[in-house]
Every structure is written in structure tokens, then in C-alpha cells.
Amino acid sequence: MNMETSQAGMGNTVMCLLTDPEGTNLGSAMYIPQTAGPLQLTQLVNRFLNNEEMLPYSFYVSDEELLVPVGTYLEKNKVSVEKVLTIVYQQQAVFRIRPVNRCSQTIAGHAEAVLCVSFSPDGKQLASGSGDTTVRLWDLNTETPLFTCKGHRNWVLSIAWSPDGKHLVSGSKSGEICCWNPKKGELDGNPLTGHKKWITGISWEPVHLSSPCRRFVTSSKDGDARIWDVTLKKTLICLSGHTLAVTCVKWGGDGIIYTGSQDCTIKMWETTQGKLIRELKGHGHWVNSLALSTEYVLRTGAFDHTGRQYPPNEEMKKALERYNQTKGDSPERLVSGSDDFTMFLWEPSVSKQPKKRLTGHQQLVNHVYFSPDGKWIASASFDRSVRLWNGVTGQFVTAFRGHVGPVYQVSWSADSRLLLSGSKDSTLKIWEIRTKTLKQDLPGHADEVFAVDWSPDGEKVVSGGKDKVLKLWKG
Amino acid sequence: MPQGDYIELHRKKHGRRLDYEERKRKKEARAVHKRSKQAQNSIGIKGKMIAKKNYAEKAQMKKTLKMHEESSSRRKADEDVQEGAVPAYLIDRENTSRAKVLSNTIKQKRKEKAGKWEVPLPKVRPVAEDEMFRVIRSGKRKTKQWKRMVTKATFVGPGFTRKPPKYERFIRPSGLRFTKAHVTHPELRCTFCLEIIGIKKNPNGPMYTSLGVMTRGTIIEVNVSELGLVTPAGKVVWGKYAQVTNNPENDGCINAVLLV
């Protein structure tokens with residue numbers, strides 16, 4: 001006891017100011033002993049915020065994570081004790097996902113390469129689309145095939161679950177869209193036609209805007225995006241305006257549809273009449289991928305890590321609650337990755353000009369994805385690296401190198417602590433965000449990995465690729 | 001008046017025969033049979049030439065007919081399911097097969113090692129030293145023979161100043177100095193008169209490269225800023241390589257082909 005007080009008395013305290021990521025201060029500057037580490041700081045923050053339960057926090061001093069006691073950090077970085085140290089605290093997810101490390105099952109079934117995989121929002125069902133024109137549903141408990149859904153005439157390029165988990169739609173290379181009943185594995189009505197060329201992306205309307213889920217938007221190579229109604233089985237509105245193929249489409253939480261295209265622009269559309277609101281220009285080459293900061297929570301709707309089911313009217317409220325929690329006070333952010341090797345961070349509701357240009361990749365950026373809590377951006381590129389950026393400011397954090405072939409897709413774990421990447425070199429790699437290193441290498445595929453997905457409940461990872469099998473990985 | 005003019009004059013004065021149109025029409029109708037008879041009865045080389053020409057015409061006609069047929073009937077394209085399914089983000093990208101990529105990289109490495117580059121004239125007749133240089137006798141009694149005069153076209157550069165004549169070993173006569181070359185673009189097939197920037201490599205040896213001698217097959221660098229070429233990055237290209245295709249000492253001008 002004496003030692004401690006004498007140590008504290010020796011003047012080994014630091015003036016610190018705790019701020020949240022948006023900049024608001026938590027209380028005023030106070031003296032904190034230099035022996036205080038992240039644990040003590042967590043207790044402090046919880047007390048200040050009057051949290052009922054102890055929520056985990058991570059702390060950052062000038063964009064570098066604070067993992068050691070404050071004193072050691074000061075010594076290492078030679079920061080003066082006289083100045084006020086600003087510590088930014090960020091809430092981490094309450095639950096922790098275990099990293100997957102083994103392949104629990106290799107399920108064959110598809111006759112051609114697996115092109116897209118997707119878990120349902122509650123994480124209980126799995127669907128995959130392949131080059132053999134079928135969509136297959138898989139049983140996750142027994143890890144065996146459940147249904148084979150035939151109905152498409154050409155490769156199935158994209159699939160999407162509705163956020164309430166009741167509908168599954170898939171788009172094919174011949175431009176038609178099929179709606180499936182996931183419980184029975186049957187085609188719901190006839191295939192929807194309208195697009196003249198292949199479907200590049202599908203996105204559902206968020207649950208908090210309309211429950212039950214009825215509308216979804218699809219983008220196609222022919223240059224337009226169409227809004228469909230799954231119960232009426234027809235096109236509601238056709239959003240044409242792009243001069244070249246539309247490569248990706250996202251339905252934002254504020255009811256705006258974002259489409260990225262090969263004509264280097266991103267267009268924002270309003271959904272009641274299908275009018276163009278804004279055009280975001282800036283890229284020098286094709287826009288390959290879009291990501292919204294609230295994308296993960298929009299995809300999972302009312303389901304969260306607890307796995308509770310809600311009746312339909314409560315779903316909307318719960319989804320809205322989750323949406324507001326993730327979004328916070330700041331406007332929704334959009335990041336776009338392009339063939340010109342750069343990405344742009346936009347705040348589309350605020351301004352037409354990009355907030356930041358994220359450069360650093362040496363080859364085209366194929367896939368960008370915000371972390372579920374919106375704090376990080378991960379980008380997969382053909383230069384064999386995955387880069388991590390700060391999700392709020394767009395500041396470059398680190399590059400994950402390890403793949404030996406172009407990285408095709410990335411996926412986040414539900415707690416935003418782990419990042420998964422699948423590449424042409426047939427391996428998947430799990431990267432830890434806290435230590436910024438490789439956590440786990442998952443080899444095993446015989447050929448290129450085209451699609452990866454992490455289940456929203458964090459239990460399983462699925463990957464599919466050119467070798468025609470689906471691999472399920474468990475922790 | 002030439003004969004044809006008399007014929008024309010008569011035609012103007014008196015008009016044509018009354019049955020001229022009829023005869024012409026019938027003659028043209030018979031031409032088909034005549035052509036066929038000719039093709040069938042010609043023998044020897046003449047027959048072969050006619051057959052070849054007819055075959056070429058037939059092939060061309062078939063192609064044009066097929067082309068016309070395509071556009072007139074619009075059928076719903078029945079796409080077959082192709083092999084090699086790729087996800088949406090890879091469809092528009094041409095991916096060379098892996099084997100091809102590997103063999104390409106090996107070939108590239110080998111070429112770089114050997115120092116061989118693809119040029120329009122890969123092999124040129126080697127020029128001997130006695131053909132290239134003429135011995136110049138110097139000294140009071142004209143017995144010293146250490147000076148040489150270049151007999152081929154040279155390029156010296158804008159800032160060139162001769163060495164003091166007492167110490168000059170190689171003489172490059174100003175009559176054989178050239179500053180401009182007629183450069184042809186191989187694809188566009190047009191020729192420009194462009195300024196020479198420098199000599200890159202003379203296949204006869206590094207000594208000639210350093211002297212600036214231009215013989216057939218020499219790689220020169222020319223100023224292409226007139227052409228207004230731009231790199232994909234947006235920078236303006238102002239120098240490009242070209243290879244000399246004639247013997248400038250015989251022609252008095254330098255003809256080169258641009259290396260694109």
C-alpha cells in the first residue's frame with residue numbers, strides 16, 4: 001500500500017482526457033496514475049457513463065491502440081507528462097466470437113464452381129448459388145445438403161436473403177431473378193424477367209423501413225437497377241441512368257439506393273418514385289464495390305447475437321433500435337472501391353464531395369466491407385493484400401499481407417474483432433484486428449475461393465469456390 | 001483526233017443503234033453463261049487462276065449474305081450454359097489461364113536475360129570496319145594513318161563541338177550529319193519527319209553507338225511530341241524509339257519505322 005501511494009505521490013500521474021470517437025469529451029481532464037492500463041480505464045469509463053453492466057472498451061491514443069499501462073506507453077513514445085493526453089474510447093461488442101480454425105465439413109453437391117454463398121440473417125440457414133444453374137440450401141446442424149433449387153437457365157451469380165429470413169432471391173447470368181421459399185426449397189412463382197443482361201447484385205429494403213420485407217433492388221450489366229416487389233412478382237420501378245454496367249447496388253438505411261457502375265459514377269436514388277437524387281463522381285475507373293457503414297445491421301435486421309425471434313410488428317422496432325445504435329449521431333457513410341486502385345469515403349447525405357480518398361492499393365480494389373460496428377473498413381484487392389482503414393475518418397491503419405494471389409472477398413465476424421479473407425490462391429485467412437496480425441490460416445480448398453461468409457451468430461464460416469465444394473469451418 | 005474520239009463524236013452526232021438497249025441487256029444476260037463456259041473450259045494455269053478468283057468471290061459473297069441474314073431476323077438468343085463459371089466480379093475481366101501466365105513470365109525472363117528485344121528488323125548485315133571508316137593520312141609527310149573518317153550517316157546532337165583537330169581521331173563530316181528522320185507509324189501507315197534525340201543502339205557494336213553512326217537496323221530515339229501521344233497515366237509522350245530501315249549513306253535521308 002505504502003509503495004503504491006509513494007509511487008503515486010512521486011508525481012507519476014498523467015493528465016488525461018477521455019473522448020468518444022465522435023469527439024465529445026467524457027467529463028473533464030483528470031489525473032490518472034501511470035500504472036493504469038486498459039482494464040482500469042474500462043472501469044473508469046463504465047462508471048462515468050453509468051453503465052449497468054460492464055461493457056468492454058478499447059482505447060486509442062493518437063490512432064494507436066493502448067494495450068499497455070499508460071506509463072509504459074508514455075515512456076515508449078516519449079510523450080510529455082505535462083500535456084493533456086487525449087484517449088479515445090470505443091465500445092467493443094459485448095459478445096466475443098471465437099476464431100474458426102478447422103474445417104468441420106467439406107460438402108460436395110454442386111456440379112460447377114460455387115459462385116456465391118450467404119447465411120440467412122438469423123444464421124440458421126445457408127444458401128449457395130453455382131455455375132451449374134442451381135441454388136442449394138444446406139442443413140447446418142447435420143452439414144448436409146437440404147434442397148436443390150432448380151429454375152435458373154444460366155449461372156447463379158448472386159443471392160440475397162431478406163432481412164427477416166423469409167425470402168431468398170437469386171439472380172442469374174441470363175438476367176432473370178428467382179424467388180425461393182427457403183423452408184421448402186421451392187420456386188416461388190415464376191422467374192422474374194426484365195433485365196436484359198446478367199445480374200450483378202441484389203439488395204433488400206431494410207426491415208426498419210418496411211416490415212414484412214417486400215421490396216428489393218437488383219443491378220445488372222445492362223445499366224439499370226430495378227426495384228421489385230416479391231409478393232407482386234413484378235418490377236415496381238426501373239432506375240436507369242447509368243451508361244455502362246451497374247456493378248453493385250445497396251439499399252441504405254435512410255431509404256436511399258446507391259448504385260455503383262462501370263461508368264465511374266455512383267448514383268443515389270430515392271425509392272418512392274425512382275428519381276435520381278445525386279451523382280457522386282470522382283473515380284477514374286470502374287466502381288467495383290460499395291459498402292455502407294450500417295450494412296451489417298441492415299442485413300441482419302432484427303436478429304442479433306442473442307438469437308431471439310421476434311413477432312413481425314416488434315421486428316421493425318427492434319431493427320430500428322439496432323440501426324440507430326450502430327449509426328449513432330453521424331450520418332451514414334459510404335465507401336466505394338474501384339479499378340483505379342483507390343477507394344473513396346463519402347458522406348452521401350451531407351455532401352457530393354468525397355470525404356477522403358483512400359489510396360495505397362497497388363492493384364484494383366475488388367471488395368470493400370465496413371465492420372459490423374462501422375468502425376473499420378476492410379478492402380480486398382488484386383495486389384494480394386487486405387487493407388484496414390478507420391471507418392470514421394478513412395485513415396489507413398494497416399495492410400494485411402499473406403495471401404499469394406489476388407484477394408477476392410472479405411467478411412467480418414459479428415463482433416468486428418476478426419476479419420476473414422478469401423483469395424485466388426485457394427486459402428482463407430483470418431486476421432485479428434486488435435493485434436493487426438494473422439490469426440489463422442485456413443487452407444484446404446483445391447482451387448480459387450470465390451465466396452466467403454461468416455454466419456451472423458459467429459459460429460460458422462462458409463466458403464465456396466472453383467473446386468465445386470462448400471467448406472464449413474468451425475471454431 | 002484519237003480513234004476513240006471519232007467513235008464518241010459519231011455517237012454524239014448520230015446517237016446509238018435503235019436496238020442498242022435491247023442488245024446490251026441480252027449481252028449482259030448471256031455474260032453469266034459465257035463466264036461459266038470460260039471457267040469450265042479453260043485449262044492450265046489460266047484455268048487455275050480463274051478458279052481461284054471465283055472461289056474467293058464465292059467465299060466473300062457467302063460471308064456478306066450471312067451477315068445480312070443475321071441482322072434481318074431477330075431471334076431471342078438462346079444462351080448455353082458455358083463452362084468455367086466465374087462470379088459476377090470476374091466476368092468482365094479477361095483472365096489468362098494459369099499455364100499461359102507462367103509460360104509468359106518465363107519467356108519474359110529469358111528474353112530479358114538474353115537482351116533480345118522485338119524489333120522489325122531483327123537481323124541486319126554486319127558492316128565491316130573498313131567499310132565504315134576511311135583512313136585519313138595526316139602529318140607533314142602524310143605518313144601518319146591514325147585518323148579515321150566515318151563514311152556512314154551520323155548524328156551528333158545539338159551541343160556538339162569538335163575536339164581540337166590535332167587530337168581528333170574519328171572525323172564525322174558535316175555533310176553526313178543528320179538531325180531529322182522520316183518515321184513511319186507501322187499501324188497508321190503514315191510518315192512524319194521527326195527530330196532525332198539520340199542513338200540508342202547500333203547493332204554493329206557499342207563503339208558505333210557512342211560515335212552516333214546510323215546504319216540499317218540502328219535503334220534511334222525520335223521526338224514524337226508533335227504526334228500528341230499520351231500515356232495511360234496522363235503524361236505526354238515526347239520520345240519514342242524507331243528503327244532505321246534504309247541505308248542512309250546511299251539515300252541521303254533516314255527512313256525509320258516507329259517501335260510501338
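Arg125(B), Glu131(B), Lys152(B) and Glu249(B) are linked in a network of salt bridges. A salt bridge is a side-chain nitrogen of Lys or Arg within 4 Å of a carboxyl oxygen of Asp or Glu. Over all chains, the structure holds 24 salt bridges.

This is a predicted model, in which local features need pLDDT of at least 70, side-chain atom pairs count only at pLDDT 80 or more, and totals for chains, interfaces and linings use all residues. Residues are numbered from 1 along each chain as its sequence is written, chains are lettered from A and ligands numbered from 1 in the order in which they are written, and side-chain values use heavy atoms, leaving out hydrogens and water.

**Chain A overall**
- Chain A has five helices and 37 strands. Helices (H or I, at least four residues) and strands (E, at least two) are DSSP runs, numbered from the N terminus.
- Of its 475 residues, 59% count as buried. Buried means under 20% relative accessible area, exposed over 50%, and partly exposed in between (1.4 Å probe, protein chains only).

**Across the chains**
- Asp339(A) and Arg93(B) meet in a salt bridge through their side chains (3.0 Å, N to O). The pair crosses between chains, from the loop between strand 24 and strand 25 (343-346) of chain A to the loop between helix 4 (88-91) and helix 5 (98-114) of chain B.
- Asp339(A) is buried, at 10% relative accessibility. Arg93(B) is buried too, at 14%.

**Around Ser336(A)**
- Ser336(A) lies in strand 24 (residues 334-338) of chain A. This residue counts as buried because its relative accessibility is 0%.
- Its side chain makes a polar contact with the side chain of Trp346(A) (3.1 Å). A polar contact is a pair of N or O atoms within 3.5 Å; within protein, one must be able to donate a hydrogen and the other to accept it, and residues adjacent in sequence count only if both atoms are side-chain atoms.

**Pairs within a chain**
- Glu448(A) forms a salt bridge with Lys466(A), with the closest N and O atoms 3.8 Å apart. The two sit in separate loops, so the pair ties together parts 18 residues apart in sequence.
- Glu448(A) is buried at 6% relative accessibility, whereas Lys466(A) is partly exposed at 32%.
- Lys12(B) forms a salt bridge with Glu8(B), the closest N and O atoms being 3.7 Å apart. Both lie in helix 1 of chain B, four residues apart, about one turn of the helix.
- Lys12(B) is exposed, with a relative accessible area of 66%, and Glu8(B) is partly exposed at 40%.
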